Amino acid sequence: MCHIKQVKLLDRFSNKSVTGTLHLTATHLIFVESNSTSAQEIWILHHHIASVEKLSLTTSGCPLLIQCRNFRLVHFVIPRERDCHDIYSSLLRLLRPVSYDELYAFSYNPKQNDQQREEGWQLIDLAAEFERMGVPCDQWQLTDVNREYKVCETYPRDLYVPITASKPIIIGSSKFRSKGRFPVLTYFYQEKKAAVCRCSQPLSGFSARCLEDEHMLQAISKANHNSRYIYVMDTRPKLNALANRAAGKGYENEDNYPNIRFQFVGIENIHVMRGSLQKLLEVMGTRSLSMTDYLVGLENSGWLRHIKAIMDAAIFLAKAVTDEGASVLVHCSDGWDRTAQVCALGSLLLDPYYRTIKGFMVLIEKDWISFGHKFADRCDQLDPDPKEVSPIFTQFLECVWQLTEQFPQAFEFSEWFLIQIHEHVHSCQFGNFLGNSQRLKERTYSLWAHLLSEKQNYLNPVYSPSFAESHPVLEPSTQAYHFKFWRNMYHQYDRSMHPRQSILKHVLTLKESNRELEGTVQALKTVSSPQQFERSHPPRPQSLILGAPLLSRKEVQQEEDEEVFGEEAREDAPASTGGERTVEGSSATENGYGELKGSFDSKNEPAVVTLEFGVARMTC
Amino acid sequence: MEFAELIKTPRVDGVDLHRPFMPTVEGTLCLTGHHLILSSRQDNTEELWLLHANIDSIEKRFVGSLGTIIVKCKDLRVIQLDIPGMEECLNIASSIEALSTLDSVSLMYPFFYRPLFEVIEDGWQLFVPEEAFKDLESMTDEWRLSEVNKDFSVCPSYPSLLTVPKDIDDESLCKAASFRHGGRFPVLSYYHKKNGMVMMRAAQPLTGTNGRRCKEDEKLINATLCAGKRGYIIDTRTIAVAQQAKARGGGFEQEANYPQWRRIHKAIERSNVLQDSLIKLVEACNDQSHSMDRWLSKLEASNWQSNVKEILTTACLAAQCIDREGASVLVHGTEGTDSTLQVTSLAQIILDPACRTIRGFEVLIEREWLQAGHPFQQRCAQSAYSNGKPRSEAPVFLLFLDCVWQILRQFPCSFQFNENLLIMFFEHAYASQFGTFLGNCVAERVKLQLSQKTVSLWSWVNRPQELERFLNPLYEPNNLVIWPSVAPQSLLLWEGVFLRWNRSTKCLDEACQEMVHIIEYNKELQNKVNSLRRQLAQLETEESPLQTP
């Protein structure tokens with residue numbers, strides 16, 4: 001651990017800066033502001049750092065630019081070049097772990113015993129999930145063909161296939177599919193007995209056929225008596241699929257597969273998506289961005305177009321299943337990127353369970369983790385290959401966010417839940433996204449247990465469970481104007497851009513307070529009923545003492561007044577003074593929305609208005 | 001009655017009304033002098049009452065003998081009427097066209113409207129300059145109320161009473177007026193209690209190409225500066241536009257003549273450009289067939305959001321000069337009736353918590369828009385669908401409301417009112433049963449005798465029954481200056497106006513209701529707890545004598 005004093009932290013979008021001390025630990029880069037009254041702390045996990053750049057020396061020192069995968073961008077100026085170089089080279093070494101063992105998950109210790117850790121891992125049970133869907137049933141069964149991960153090593157062990165699909169058919173089909181990823185069930189729509197299945201592209205080349213594979217699709221079709229055909233959705237643009245034929249891959253020929261309806265969807269590949277996000281971030285990072293450049297940049301990045309394409313595909317899937325009662329088979333090239341996006345988002349539209357906190361975890365566990373989305377490559381966790389990195393999972397989270405905007409009461413969670421998951425996909429703090437081996441689980445903790453333990457931070461206060469009854473299937477509008485830029489994700493750490501008062505936080509606090517008040521009312525009723533009063537007289541709960549301020553509005557008001565002149569750092573100051581601080585990758589307190597968490601410590605406290613000095617700058 | 005001549009067919013049966021996101025209604029269409037009415041004559045279905053003045057343009061189409069009229073309204077709604085019979089359809093169409101484009105103000109509906117409610121508080125008395133001046137007097141004695149414009153001869157677009165520096169006499173004011181466009185000499189717009197700084201507004205100085213100057217004008221604005229202090233002149237035009245204005249007799253304050261003032265140029269668009277921007281924006285919003293790229297590119301091409309950003313930025317700048325720099329500010333553009341008012345009124349919303357209450361906001365509109373001479377009638381004669389030749393129409397006021405909405409979005413707990421109030425003001429500025437927005441300035445309103453012959457919008461809004469709809473359940477009064485972010489990422493399209501008729505808001509409305517429910521429930525519980533505590537206290541006092549011995 002080393003530290004450097006007198007380091008300046010520059011604001012990304014204004015000319016403001018604060019001075020403080022930079023600490024480097026084995027896991028974090030920490031900046032502590034020296035101003036004692038509002039000492040803000042910034043904790044940056046090494047795994048979150050995407051790039052470190054040393055800019056050319058200036059009069060005030062040596063600038064160090066750090067870009068993070070959670071879209072944080074920090075700009076330090078370090079007085080002595082030597083120090084800067086030391087930090088720079090240390091970071092370069094630290095941010096590229098070479099072996100699994102160096103990942104934070106293996107050193108992270110939330111002070112839980114083994115049993116608690118194990119319980120965390122047992123939270124999500126996919127067998128139970130399939131049971132919830134009504135599988136196995138008379139048409140679908142569990143197969144043990146992949147017990148040793150021999151047929152397909154990127155698939156889970158337990159797979160569900162039509163009862164008529166025999167082992168030889170499965171094995172034959174898997175040999176005809178990229179990476180052996182043969183068609184299996186991922187979601188079962190009980191009401192219409194329609195199945196959502198997934199696989200990878202067939203190795204059809206220009207004319208190759210595979211009878212077993214054709215049988216496999218036939219079996220899927222026959223398992224659903226409601227429809228004579230199944231949809232095969234190739235989520236790629238047609239051109240990409242055509243190009244794959246030259247490499248001996250390709251797509252299903254409708255002539256060879258009876259009763260299929262083949263459909264291209266046109267979601268672009270990982271490279272296009274990577275480029276798109278890069279363009280988006282470049283534009284959004286521009287200082288004094290004009291409205292024209294913003295809108296043109298948003299358009300040119302194509303980001304929202306891609307988001308809409310994924311949404312369109314999921315809606316197509318949901319409509320085929322609900323309106324036509326048809327089963328759907330989804331694939332792309334390898335069936336672990338676009339396929340995961342479309343299957344997961346489609347299921348979310350179909351099934352209200354996935355819109356709850358627990359259900360959403362199950363959905364990610366099922367369609368992303370168990371079916372082998374390459375988190376390590378896509379999120380650049382280890383052994384970097386820049387060509388494999390792509391924001392596929394981020395896009396999925398964003399699609400869900402777009403849905404929460406259209407259906408504010410449909411989701412049990414708020415956007416902070418999505419953002420927190422995104423944070424941890426990159427943090428390597430929990431074992432969930434690192435791999436699937438049992439050994440791993442013995443040494444790391446599960447994110448889901450962690451998130452559930454702070455569930456109240458992620459609740460959507462206006463969530464209505466009855467919404468699911470009136471809207472079991474979500475039918476979002478896909479008008480272009482419904483797709484918005486997700487500021488809270490991509491500008492999470494640029495606080496000057498966010499609304500200064502958060503409705504979400506405010507209503508969440510009230511809801512929490514309602515619960516407590518209900519308890520108080522109950523307690524008071526018991527105590528103040530005459531008989532009860534006599535009996536219970538001397539010992540009385542402290543909180544019920546008359547005159548105890550219910551809402552310390554006055555105090556809060558004072559606090560506000562102190563803040564008149566834009567004490568902006570206040571909300572970021574974590575509760576680090578006194579009290580222990582567990583070293584975590586990114587607890588809510590150090591995120592831009594640290595305010596969210598803070599509000600729960602002192603109950604009943606109304607949202608504190610924190611005002612910042614405006615962004616409008618004098619241009620004279 | 002002359003309306004009867006314009007109504008060729010007063011009534012048609014079997015008309016189908018199509019509206020987006022609503023079921024088709026079949027009913028009888030009636031035309032009256034001021035309304036288009038469609039009634040299904042069934043108890044449970046809603047009737048359509050549309051003011052002719054709200055109709056921006058119509059389109060006719062025929063398929064066989066079935067005629068279709070598409071009615072496009074100034075509030076941006078588009079409805080379709082299917083009318084059986086070619087002749088009826090043509091008659092209806094031409095009647096609507098004639099009735100919706102009546103030129104004479106005195107034929108407008110406000111002169112015929114009789115309120116169905118009792119006027120408890122006359123809205124025409126909402127803002128009384130003398131009373132406002134009393135408040136100012138309690139804070140400072142540097143100002144006086146001048147009657148120099150009592151017959152509107154010095155400045156036709158100003159009200160009769162104006163707040164000016166105490167040391168400047170009426171004669172100097174007249175001279176300064178002759179040096180400013182339209183006679184709009186610098187007057188007080190806002191006094192910042194916290195530090196005594198002021199915001200003034202005016203029209204451009206008439207320097208012309210030969211650099212005319214006016215000692216009285218210089219003296220007038222210097223009188224607002226404390227000794228040794230400097231002020232800022234915010235010119236809402238770019239330096240290039242201001243230069244060009246010289247050729248037409250206008251211009252800007254030369255540094256040499258105003259050494260204590262620093263001039264800042266901003267780039268708020270002029271009114272005709274803004275109208276074009278509105279038309280393009282509404283067209284983009286109404287086309288449902290857009291791909292993502294096309295939508296974004298059309299949104300960009302409309303420039304609407306850029307205009308919002310520029311206006312808001314300028315207002316922040318003015319507020320910043322006053323609150324942060326501790327300097328006084330003079331704002332003007334060309335005429336001083338459009339961009340100037342946008343800036344001064346928005347700056348007050350940022351600086352003054354009183355403007356964020358319903359009444360305060362009404363007073364702000366009354367003071368900074370109506371009395372300050374924003375030509376509502378000219379600006380709001382046509383909206384985004386009009387086929388007519390644009391004269392001086394411009395969505396200046398709508399842009400102001402949009403900017404207020406942006407601030408409201410960023411500070412959702414700091415305003416007593418909600419979005420509905422802003423939308424309602426937009427509707428009434430363009431078509432209304434109330435006389436408030438008629439006329440272009442105080443002089444015209446006096447001449448039209450609006451306060452005697454029409455009902456004020458404020459008389460209606462301020463009734464408790466109506467106010468309820470406009471209250472923000474999240475409001476918690478806050479005395480702070482609120483600084484909005486003007487980054488493009490922080491500014492949103494105002495869906496409540498521009499996508500209002502193109503989207504279903506059922507899910508959003510229900511969520512909003514749930515939120516209100518949570519808030520109400522919280523209040524209810526708190527009351528319950530308090531009353532229980534009181535009971536408990538009573539029990540305790542009753543009990544204590546028993547215990548003491």
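How many residues does the contact take from chain A and from chain B? The contact, defined by heavy atoms within 4.5 Å, takes 79 residues from chain A and 79 residues from chain B. The model is predicted, so that local features need pLDDT of at least 70 and side-chain atom pairs pLDDT 80 or more, whereas totals for chains, interfaces and linings use all residues. Residues are numbered from 1 along each chain as its sequence is written, chains are lettered from A and ligands numbered from 1 in the order written, and side-chain values use heavy atoms, without hydrogens and water.

**View 1. The interface of chain A and chain B.** About 7,100 Å² is buried between the two chains, 66% of it from carbon and sulfur atoms (accessible area, 1.4 Å probe, lost on being put together, summed over both parts).

**View 2. A salt bridge across the interface.** The rule finds two salt bridges between chain A and chain B (a side-chain nitrogen of Lys or Arg within 4 Å of a carboxyl oxygen of Asp or Glu). One of them joins the side chains of A:Lys484 and B:Glu495, at 3.4 Å from N to O. H19(A) gives the most to the side of chain A that touches chain B, with 15 residues.

**View 3. Helix H19 of chain A.** Helices are DSSP runs (H or I, at least four residues), numbered from the N terminus. The 26 residues of H19(A), 503–528, should span 38 Å (1.5 Å times one less than the number of residues); the end C-alpha atoms are 36 Å apart, which agrees. At the helix start, a side-chain oxygen of A:Ser502 reaches to within 3.4 Å of the backbone nitrogen of A:Leu504.

Conventions
Helix = DSSP H or I, 4+ residues; strand = E, 2+ residues; numbered from the N terminus. Polar contact = N/O pair within 3.5 Å; in protein donor to acceptor, adjacent residues only side chain to side chain.
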